[in-house]
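Please keep the sequence and the structure in view while reading.

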Amino acid sequence: METVSYLRRNDLDTLSSETWLIERAQARDTEAFDQIVYRYADRVYNYVLRMLGNAQDAEDVVQEVFLRAYQALPSFDGRASLSTWLYRIATNLCIDHRRKQSRRVPTVSIYRDEANEDEIGEWEFADTQTPNPLEHALNRELQQVVERAIEQLSPKLKTVLLLYDVEELSYEEIAQVLGIPMGTVKSRLNLARTQMQKQVEAYLRGESK
Amino acid sequence: MNCRECERYVWDYVENRLSEAERTAMEAHLQACSACRIRYESARQTYRALHALPRAKAPEGLVQRVHAQIERLPEPKPLARWWQGWRRVALAPALGLTVALLWWATGYIQSRTQSAQSPDNLAQQYAEDCLNLHEQMEVADWAPSPSGYLLTSYSTR
């Protein structure tokens, strides 16, 4: 019980400090806005990187996300949470970027080939807990299957899947981010997962042969 | 539970969202159906892999670069800043005023059109025209009213 009350108090503290930061940033306090960028940079970057599949593009887009957020912050009314609002800006900019990119030459993807393992060093990933080398290798292989499956999803399905399964937003928050009904979120998520599941199933069947 | 239902609820089962009864039915079906067991296993592995994907960290210096870009932004003009802050507050009464003006203008135009076309108005207009004509002809002495003038003038022709 103590843990629960502590967590609630902690959440309230975080919420009130965020409200204070937003108010300060709305009044053009750039240091308060820096704090907001510190808080959300990793989450927004991870999402944008998976949406675009390219580190350089992701960095440019994330900078643009925070720039737009700063400019639009005075009109932020707090009806949605700040993270939901930032994800909305990021989603729109990713869609714009993909549209522009489709007219240009394709860039190098983060979804690497097995033969090109060295590339993993280029991105700073958080540590993953793996019990032993064999399981680690199997997990890596499965992750590559899943990452390739994500890349093959249509932007609509990919957005919902990443927001739910990777960024861990609720159905309601995703509905707010994308401006679509919750039922549509659920059906898109189901479709995205089913498409991925088929690829994983093929991989698992290949393993069992 | 049949294979179709199993396929439909497999993600809810993976996410532990099923009721006790649904879970029991699902598990009984999985025990009996090898095709659905493979489907469930692939769903479970997909879910596990998705939730274990490594998270990328924002590149070093991103906050500083954003900060530098913000510092380079032109300072918003006082009027623009005021408007940005009061935009929402001002929008509601402005919208109300526009609707009220439109409503008044529509009603006014309608009443003008109707009154201009009503029989009483046509008669009044006709009478006024006659009076003007009457005055122009300086025959006010023997024609006490426009209608009288008309009757007289028409009868004398």
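The quantity pLDDT is the predictor's confidence in each residue, on a scale from 0 to 100. It is needed at the outset, since the structure shown here is a predicted model. For chain A the average pLDDT is 80, and 75% of the residues score at least 70. In residues 1-8 of chain A, pLDDT stays under 50, and the model has zero contacts beyond four places in sequence for them. Over residues 113-128 of chain A the pLDDT is also below 50, yet this stretch has 26 contacts in the model beyond near neighbours in sequence.

Chain B has an average pLDDT of 77, with 68% of the residues scoring at least 70. Within chain B, confidence is highest in helix α2 (residues 20-32), at a mean of 92, and lowest in helix α7 (residues 146-156), at 49. Residues 152-157 of chain B stay under 50 in pLDDT, and the model has four contacts beyond four places in sequence for them. Where pLDDT is low, the predicted coordinates should not be read in detail.

Attention may now turn to the packing of helices in chain A. Two packed helices are described by the angle between their axes and the distance between the axes. Helix α2 (residues 30-52) of chain A packs against helix α6 (residues 155-166) of chain A at an angle of about 145 degrees, and their axes are 10 Å apart. The crossing of α2(A) and α6(A) is right-handed. On the α2(A) side the contact is made by Asn46(A), Tyr47(A), Arg50(A) and Met51(A), and on the α6(A) side by Lys158(A), Thr159(A), Leu162(A), Leu163(A) and Val166(A).

Side chains of opposite charge can pair when their charged atoms come close. Over all chains, a search of the whole structure finds 14 salt bridges. One salt bridge joins Glu18(A) and Arg39(A), whose closest N and O atoms are 3.6 Å apart. Because Glu18(A) lies in helix α1 (residues 2-26) of chain A and Arg39(A) in helix α2 of chain A, the pair ties together parts that are 21 residues apart in sequence.

The last step is the interface between the chains. Here 50 residues of chain A are in contact with 36 residues of chain B. The area buried between chain A and chain B is about 4,200 Å², and carbon and sulfur atoms give 59% of it. Three salt bridges are found across this interface. Glu15(B) forms a salt bridge with Arg193(A), with the closest N and O atoms 3.0 Å apart.

Definitions and conventions: Residues are numbered from 1 along each chain as its sequence is written. Chains are lettered from A and ligands numbered from 1 in the order in which they are written. Side-chain values use heavy atoms; hydrogens and water are left out. Helices (H or I, at least four residues) and strands (E, at least two) are DSSP runs, numbered from the N terminus. Contact means heavy atoms within 4.5 Å. Axes are lines fitted to C-alpha atoms, for helices over the stretch in contact, and angles run from 0 to 180 degrees between N-to-C directions. A crossing is left-handed if the near helix is turned anticlockwise from the far one by less than a right angle, and right-handed if clockwise. Buried area is the accessible area (1.4 Å probe) that two parts lose on being put together, summed over both. A salt bridge is a side-chain nitrogen of Lys or Arg within 4 Å of a carboxyl oxygen of Asp or Glu.
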